[in-house]
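Please keep the sequence and the 3D view open while going through the points.

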Amino acid sequence: MAGKTLYDKLWDSHLVKMREDGTALIYIDRQLLHEVTSPQAFEGLRLAGRRPWRLNSNLATPDHNVPTTKTEREIGIEGILDPISRIQVKTLDENCAEFGITEFLMNDIRQGIVHVVGPEQGATLPGMTVVCGDSHTSTHGAFGALSHGIGTSEVEHVLATQCLIQQKMKNMLVDVSGGLQAGVSAKDIVLHIIGVIGTAGGNGCAIEFSGDTIHALSMEGRMTICNMAIEAGARAGLISVDQTTIDYVKGRPFAPAESEWDAAVTQWKTLVSDEDAEFDRVVKIKAEDIVPQVTWGTSPEMVIGIDELVPDPANEQEDAKADAIQRALNYMGLDAGQKLSDIKLDRIFIGSCTNSRIEDLRVAAKVVAGKKVAASLKQALVVPGSGLVKQQAEAEGLDKIFIDAGLEWREPGCSMCLAMNADKLGAGEHCASTSNRNFEGRQGYGGRTHLVSPAMAAAAAISGSFVDVREVMSHA
Amino acid sequence: MRKFTTVSSIVTPMNRANIDTDMIIPKQFLKSIKRTGFGPNLFDELRYLDEGQPGVDCSTRPLNPDFVLNKPAYSGSQILLAGENFGCGSSREHAPWALEDAGFRVIIAASFADIFFNNSFKNGLLPIILPAEQVDGLFALEAVDSALKLEIDLESQVIRSEEGKTWAFEVDSFRKYCLINGLDDIGLTLQDADAIKEYENQNRQKSPWLFK
């Protein structure tokens, strides 16, 4: 019999029971909550007269709606100018207080984007099942934790039962090996992977990312990779546990106590796929082939290297694909065959659950240090992922570097990634963004998003257009 | 949840792949703390010529006459026929809520994004996967007869046209049971409360740090 994949092991260790119809009841160790997808779940509990099954498995923080300007934040919830956003943040506070759930309030130093906060607090641990009413919950798979996004009905289901009804996914392996070129980062790796397998390439699968390139990455880089597994259609991304994982977790507030640490580490070290495990699909990627990536269209799979030209629908064999390219070109205001460097950028966004951790900010700061943001830009935003990331960045003087270069240094939150707060693109504006989705209207009505790495976004902030960050880095 | 048995309706065609959740319901409408009322904002950016805001009366907004939902022939349709990978993107359940609120009960596509597919069943919405060539065939039929009417019979797992043509489809038996009976699955899971407690007791011994 073949060995088990990491996904198989996590599935087996959380199986409460198989039900007669072939579905499974899977135990959930951690649920992260935020203001957008939880109010209707709490309302459902109240209407049914139910209480949460296990309070301490839940951790909440507001992130999607919170303002990121200091003046608005200082006033507290009443300072949120948009009345509908204010109600949603307030509702989260009221629900958490009523049910007794731990919440990092908007102005708590520990507040931030749920997918930054969970790992930072050690609330995400290897071997856990982690869910949240947010598709980017795949992020936590970087810790060898089975993690995926769920809908609001399932948020309520987990609150009430600590379980989810699941069907087992397929196993897919994406192996990346070899050395990366200078200036190429985790974001470029995952965008490249999505370009290769497509936005539906991982549908129905848990994708395990493996290979020496992946294991050479920091935890921040691994989180960036797993974060975007969902953009390849996979609900869950996974990376096996190694010493980097264990070192990252040690000493964090929710991590196992000293007395339990050794037992925990012994268990975590088994969280790797067996040598003889079989995968339903295997994709191999050579790291040397990856160049800095830029999306040109309206789906993350519409991505090319900085040295490539915007595609021409005339070169596409299938009509449906040619139509999709033409529709995206129209929306993005681009010409077939044009150079990426000819796109005039309006805004820069460095942030989001994909790229707002300390390492991302360090790389961006290095690129802009001692330089000035292009005068042609309307705005260049840096939004740290949490209060603690912000504090760390300020201790390292990164805030000064950004501010001196002419970028805005903001308070933590999801911000312009999905434009639920005041940070958004105007119609027709082009943005170099370190976020995860370039869908139509995602960053604002009519806005045009180009997904890039933090280094590429920072370099674009200086030149006002896309440049090959490999050249910038080699002169640094 | 509304019970689902059979649905008979004209078919609304949206022949594009990767219809994402931002397209189905733009993020500004996610600020509601209710489950209902999202219907008028379904496909907001495609449906109206102006930018939609929550709390605005949609009946006074300029409609995009080219968008399929605005064509009188499709009014009252309960069946959406769409391109592959429907519902990709975020986990927002507001997407199936908006479709349901706008009167849709069935979506037919060659493939769906996993989270959307899962969310649909929780809200009385039936996502049907048909082979790509059958979906193409339905689009072709609809193109000839823009009042194509189909009957979806969940019990027999079959789609019928008025001409008597049929297409069989698969559906998970538990999800089918819940849809037909309009059941809330929390109550069903709580019937297994003892098994859940037993699991917790065993694992509290083995990995106590997971319970703190």
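1. In this predicted model, B:Met14 has B:Ala82 of β2(B) as its bridge partner. That pair belongs to a parallel arrangement in which strand β1 of chain B (residues 6–14) is joined to β2(B) by 4 bridges.

2. Strand β2(B) also pairs with strand β3 of chain B (residues 106–109), again in the parallel sense, and here there are 3 bridges. Within this pairing, B:Leu80 stands opposite B:Ile107 of β3(B). Between β2(B) and β3(B) the chain passes through helix α3 of chain B (residues 94–101), and this β-α-β crossover is right-handed.

3. Turning to chain A, the secondary structure comprises 17 helices and 19 strands. Its C-alpha trace spans about 60 × 55 × 45 Å along the principal axes. A compact globule of 476 residues would have a radius of gyration near 23 Å, and because chain A has 22 Å, the value agrees with that expectation.

4. How much of chain A is buried? Buried residues make up 60% of its 476 residues. Among the contacts in chain A with a separation of 6 or more, 77% are between residues 24 or more positions apart.

5. The largest nonpolar core contains 202 residues, and those that touch the most other members are A:Ile348, A:Ala364, A:Val368 and A:Ala461. Helix α16 of chain A (residues 454–463) gives this core its largest share, namely 8 residues. If residues up to four places away in sequence are left out, A:Ile348 touches A:Leu377, A:Ala380, A:Leu381, A:Cys431, A:Ala432, A:Ala457, A:Ala460 and A:Ala461.

6. The last point concerns the place where the chains meet, a contact that takes 56 residues from chain A and 45 residues from chain B. On the side of chain A that touches chain B, several elements each supply at least two residues, including β1 (15–18), β2 (24–27), α4 (83–99) and α12 (319–332). The largest share of that side, 6 residues, comes from α6(A).

Key. Residues are numbered from 1 along each chain as its sequence is written. Chains are lettered from A and ligands numbered from 1 in the order in which they are written. This is a predicted model: local features need pLDDT of at least 70, side-chain atom pairs count only at pLDDT 80 or more; totals for chains, interfaces and linings use all residues. A nonpolar core is a set of buried Ala, Val, Leu, Ile, Met, Phe, Trp, Tyr and Cys residues joined through C-beta atoms within 7 Å. A residue is buried if 20 or more other C-beta atoms lie within 10 Å of its own, exposed if 12 or fewer, and partly exposed in between; C-beta atoms are placed from the backbone. Two residues are in contact if their C-beta atoms, placed from the backbone, lie within 7 Å. The radius of gyration is taken over C-alpha atoms; the globule rule is 2.2 Å times the number of residues to the power 0.38. Two strands pair if DSSP finds at least two bridges between them. A crossover is right-handed if, with the strands pointing away from the viewer, the path from the first strand over the helix to the second runs clockwise.
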